[in-house]
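Please consult the sequence and the structure shown here.

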Amino acid sequence: MSTISESVTFSVRPTQQLTTLILTLVFLALAAPTFAQKPEDRPVSRHRDPSGFPWPNGAKVAVSLTFDDGRRSQMSLAVPLLDSFNVKATFYVQPDSLPAILDQWKAAIASGHEIGNHSMGHPCTGNFVWTRYEGVALEHYDLDRIRKEIEQANDEIEEYVGVRPTSYAYPCGQTFVGRGTETRSYVPLVAEIFQTGRRWLDETSNAPDHFDPAQVMSMRMDGEDFSRVRRMIEGAKRNENWLVLAGHSVREEGRWGTRLGMLRELLAYAADPANEVWVANVSEVAAVIAQEQAREQTSTVE
Ligand SMILES: [Zn+2]
């Protein structure tokens with residue numbers, strides 16, 4: 001039986017096929033560099049400025065390690081490793097994750113790690129079925145409710161560890177409440193209460209001359225090995241950006257958590273001054289950027 005494709009094939013002459021092939025090859029050759037570049041690879045024009053951003057210690061890139069949800073492995077596995085390299089991270093918690101190992105949290109904070117707010121009940125879209133069971137679907141929230149819960153989380157965290165968070169991480173990286181015409185962004189509220197609000201699952205690092213502290217971009221480190229994380233660092237370094245890495249549980253191996261081996265390699269890499277990496281927690285990096293912005297504004301006014 002003759003098919004349509006057969007009849008089309010037979011109706012095209014060899015010279016036409018050759019012309020089509022050549023045109024296709026020329027198109028692919030021209031388009032390939034564009035397709036091959038990930039967003040992280042593309043240059044951000046102003047940071048091509050050779051003077052770049054003045055990161056501390058002459059570094060060409062800032063990196064923050066952040067961990068969400070107050071998992072025990074963050075204290076038992078990540079903190080001892082981080083401390084052995086004298087690197088401090090940011091841990092975003094719900095208050096109820098603190099009491100079980102309160103002494104460990106307090107010790108980590110006392111040694112320079114940052115504690116951030118990750119809400120009371122971890123509200124996310126109701127498309128995650130568990131949010132509806134627990135009554136924390138963002139579609140059912142309004143701005144008053146999210147504000148109350150965020151402030152309650154800040155109060156409780158402060159009660160437990162004696163420090164009031166200045167950093168927030170949006171649960172599931174979602175920044176809205178309500179639905180349809182009643183949808184509202186709660187980014188302005190986070191901007192009002194906190195120094196920074198960190199997102200989740202972004203595709204880029206933060207350009208210090210442009211970023212919004214209430215929407216700090218973060219890239220996932222869960223399940224990644226160091227070769228992939230190193231590419232993220234190098235991508236950020238090309239633009240002298242701030243790369244924020246985000247993870248959850250810390251494990252020796254596996255897809256569902258931040259790998260201890262990856263962290264070990266990352267910390268060793270960052271410890272070598274030749275790699276020009278500055279690692280610091282979120283509030284420290286945000287403060288350096290804010291300071292530089294203030295300095296630039298003053299020098300512009302003068
Ligand atoms: Zn979370």
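Leaving aside its neighbours within four places in sequence, L263 is in contact with A78, L81 and T258; two residues are in contact if their C-beta atoms, placed from the backbone, lie within 7 Å. The model is predicted, so local features need pLDDT of at least 70 and side-chain atom pairs count only at pLDDT 80 or more, while totals for chains, interfaces and linings use all residues. Residues are numbered from 1 along each chain as its sequence is written.

L263 lies in helix α9. Helices (H or I, at least four residues) and strands (E, at least two) are DSSP runs, numbered from the N terminus. L263 is buried, having 24 other C-beta atoms within 10 Å; a residue is buried if 20 or more other C-beta atoms lie within 10 Å of its own. The C-alpha atom of L263 is 9.8 Å from that of E224, although the two residues are 39 apart along the chain.

Axes are lines fitted to C-alpha atoms, for helices over the stretch in contact, and angles run from 0 to 180 degrees between N-to-C directions.

| Helix pair | Angle | Axis separation |
|---|---|---|
| α3 (residues 72-84) and α9 | roughly 15 degrees | within 10 Å |
| α8 (residues 226-238) and α9 (residues 260-271) | about 40 degrees | 9 Å |

α3 and α9 are therefore roughly parallel to each other, a term for angles under 35 degrees. In their contact, L77, A78 and L81 of α3 meet L260, L263, R264 and L267 of α9. By class, this contact has six nonpolar, no polar and one charged residues; Ala, Val, Leu, Ile, Met, Phe, Trp, Tyr, Cys and Pro count as nonpolar, Asp, Glu, Lys and Arg as charged, and the others, Gly among them, as polar.

Strand β2 (residues 90-93) and β3 run parallel and are joined by four bridges, and T90 has E114 as its bridge partner in β3. From strand β3 (residues 114-117), E114 and G116 point one way, I115 and N117 the other, and all are buried.

Key. Buried ≥ 20, exposed ≤ 12 C-beta atoms within 10 Å, placed from the backbone. Pairing = 2+ DSSP bridges. Parallel < 35°, antiparallel > 145°, perpendicular 65-115°, else oblique.
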